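Hi,

Here is the structure I promised to pass on.

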There are 2 protein chains.
Amino acid sequence: MDATRLIRDLLREKQAELTAAERKLSAVLLDDSMVAGLQSITRLAERAEVSSPTIIRLARKLGFDGYPDLQDAIREEIAERMKRPLAKLETTARDDQRDHIVSRFAEAVSSNINRTLDRLDFATFDETAALLSDQSRRLHLLGGRITRSNAHYFFNHLQIIRPGVHLLDNSSSVWPQALLDMGESSTLVIFDIRRYERELEKLANLAVSQGANIVLFTDAWGSPIERRATHVFRAMVEVPSSWDSTLAINFLIEALVAEVQSRCSASSAERIGALEDMIGASRIFRS
Amino acid sequence: MDATRLIRDLLREKQAELTAAERKLSAVLLDDSMVAGLQSITRLAERAEVSSPTIIRLARKLGFDGYPDLQDAIREEIAERMKRPLAKLETTARDDQRDHIVSRFAEAVSSNINRTLDRLDFATFDETAALLSDQSRRLHLLGGRITRSNAHYFFNHLQIIRPGVHLLDNSSSVWPQALLDMGESSTLVIFDIRRYERELEKLANLAVSQGANIVLFTDAWGSPIERRATHVFRAMVEVPSSWDSTLAINFLIEALVAEVQSRCSASSAERIGALEDMIGASRIFRS
DNA sequence: AATTTCTTGTAGTGATTGTTACAAGACGGG
DNA sequence: CCCGTCTTGTAACAATCACTACAAGAAATT
């Protein structure tokens, strides 16, 4: 075997011509930097839930003589990596890829989520989850130009979990109608990151004056709506891009969805069941 | 053997009560961070120039059952060290809240993004970015029940950056019309994670038969559309929730947006300028 | 110098491994 | 719908493995 090429890359390269079982195996290998490939073939087979011949076939596809040959290559590779100081470990990727967008992006995103988490008050999180789980309250979601997608994502899940969830249209002309429904038992969830949109603030003010309470997702600098909101989540959004990253916001949304789901699980089970039925009944584009 | 203790330390500690041959062996092991201990006993014996029983005796002295038991410990230790520290989200020091949903969620998300990155082929990424930046191509985006939000997010940005971007409705009844537009110069971006929707597959097949090429975002298990797609992105989606996490998918989307933006920057600058003007001209809900 | 103790390797074993051949099953094309 | 191709696991095999018993040699003690 020639080697010099990292097995990880080899594996990714051939990914297209791999079969289902082989991909399952490759996933296990990729998962912990090929370390799983140092066990005996039998154990690896069990771990990846494939048969041992599948392992041999994959090894051959990658150009190795057999499993032991592949193991040798893996061991060599790992030995090579272990020699490096710990600090350099993370850049084991080939040098030319160290400053690939994806790498730089990953670093920024990681830092964003970390810092967002640092700033997050768990009490606020729990209170918000309780608020959103309260089925006697009506929920309205609203996003700005970019964050509308986030609002949509949140809506998508909440709507399945519980009743009384509404996504506000982004054409402000229909907002007045929606406002009619917002009273003391309403919660308005707003997403507002820079450039903060005046229209969102307007709506927030009107909603508050009608007794609704507001949950706000914004960025580190803080939207003007902050002072109207009872619960505020500040997320870090900066990445090496012309656009802001809403990944940290999505993180908060997903975590909230998980928590709300578990709080509503009893009542939402039948709701989801009913939904499944309706979906099944309405397939129109099928064969 | 439990041994939460590092083998390296164990070895150093016992150094005094080791015999000459055993020390020779331990030197070889220490030399490359125990990696040599992953070979078969015979080969390690050759490499260290001792006999195989010596190896077993050392393993026993360290408290292991036998050589395979020692190997297991070494492998575990190495696996631990190989974990990529890159996007490692420290689930902060707050001990009392270590198993709060948010913390557990953070851990899962971190692992998801890392593993997604491990699996990501940079060449595929670059090719896709080029494809999406090619303004002579028409872009269509399509998502499933949940992933529709992701498609929407992607659409939201791409549409601002360049012309010819279309988001397919999620009611399949209007797809036939959209299909009319899909030819050889069309790219169809599909999001399909479990439960894979047959309708998406149908559409993919039809689009391919008309000459369109497909970029697919799916999960680790792989959608049936994979074989139709020219570019596939597999993301990890599992989190401690009843729902899957599309955060890793969003990561890919945002990174692609950044790259496409920078490739289109020249032409998109004026486009964004024009957009700003239009937004300014159409404020109807203002004070 | 003789005896004991300790160290180490050799040779042989049973167990486990990696491998192959084959057959059942899934899948796609006509 | 059937046929051929591709995929995958089962079962049997040979090779290799980890391990034991034993004995030769070295070192230490008397």
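In chain A, 67% of the contacts (heavy atoms within 4.5 Å) between residues at least 6 apart in sequence join residues at least 24 apart. Of its 287 residues, 55% count as buried, meaning under 20% relative accessible area with a 1.4 Å probe and protein chains only.

Before going on, some bookkeeping: this is a predicted model, where local features need pLDDT of at least 70 and side-chain atom pairs count only at pLDDT 80 or more, while totals for chains, interfaces and linings use all residues. Residues are numbered from 1 along each chain as its sequence is written, chains are lettered from A and ligands numbered from 1 in the order in which they are written, and side-chain values use heavy atoms, with hydrogens and water left out.

Chain A has eleven helices and five strands; these are DSSP runs numbered from the N terminus, helices being H or I of at least four residues and strands E of at least two. The five strands make an open parallel sheet in the order β2-β1-β3-β4-β5, where pairing takes at least two DSSP bridges between two strands. β2 (165–167) and β5 (231–235) of chain A are at the edges with a single partner strand each, so one side of each has no neighbour in the sheet. From one strand to the next, the twist averages 15°. Inside the sheet, β1 (residues 138–142) and β3 (residues 186–192) of chain A are joined by five bridges, and Arg138(A) has Ser186(A) as its bridge partner in β3(A).

Helix α7 (residues 122–133) of chain A packs on this sheet, touching β1, β3, β4 (213–219) and β5 of chain A, with its direction at about 120° to that of β5(A). Angles run from 0 to 180 degrees between N-to-C directions, with axes fitted to C-alpha atoms, for helices over the stretch in contact. Helix α10 (residues 198–209) of chain A lies across β1, β3 and β4 of chain A, at about 165° to β3(A).

Sugar and phosphate make up 70% of the DNA strand C atoms within 4 Å of the protein. Among the polar contacts (N or O pairs within 3.5 Å), the side chain of Arg227(B) has an N or O atom 2.6 Å from a phosphate oxygen of DNA strand C. Arg57(B), by its side chain, is 3.4 Å from a base nitrogen of DNA strand C. α4(A) gives the most to this surface, with four residues.

Cheers

How values were computed. A residue is near a molecule or strand if one of its heavy atoms lies within 4 Å of it. A polar contact is a pair of N or O atoms within 3.5 Å; within protein, one must be able to donate a hydrogen and the other to accept it, and residues adjacent in sequence count only if both atoms are side-chain atoms. Buried means under 20% relative accessible area, exposed over 50%, partly exposed in between (1.4 Å probe, protein chains only).
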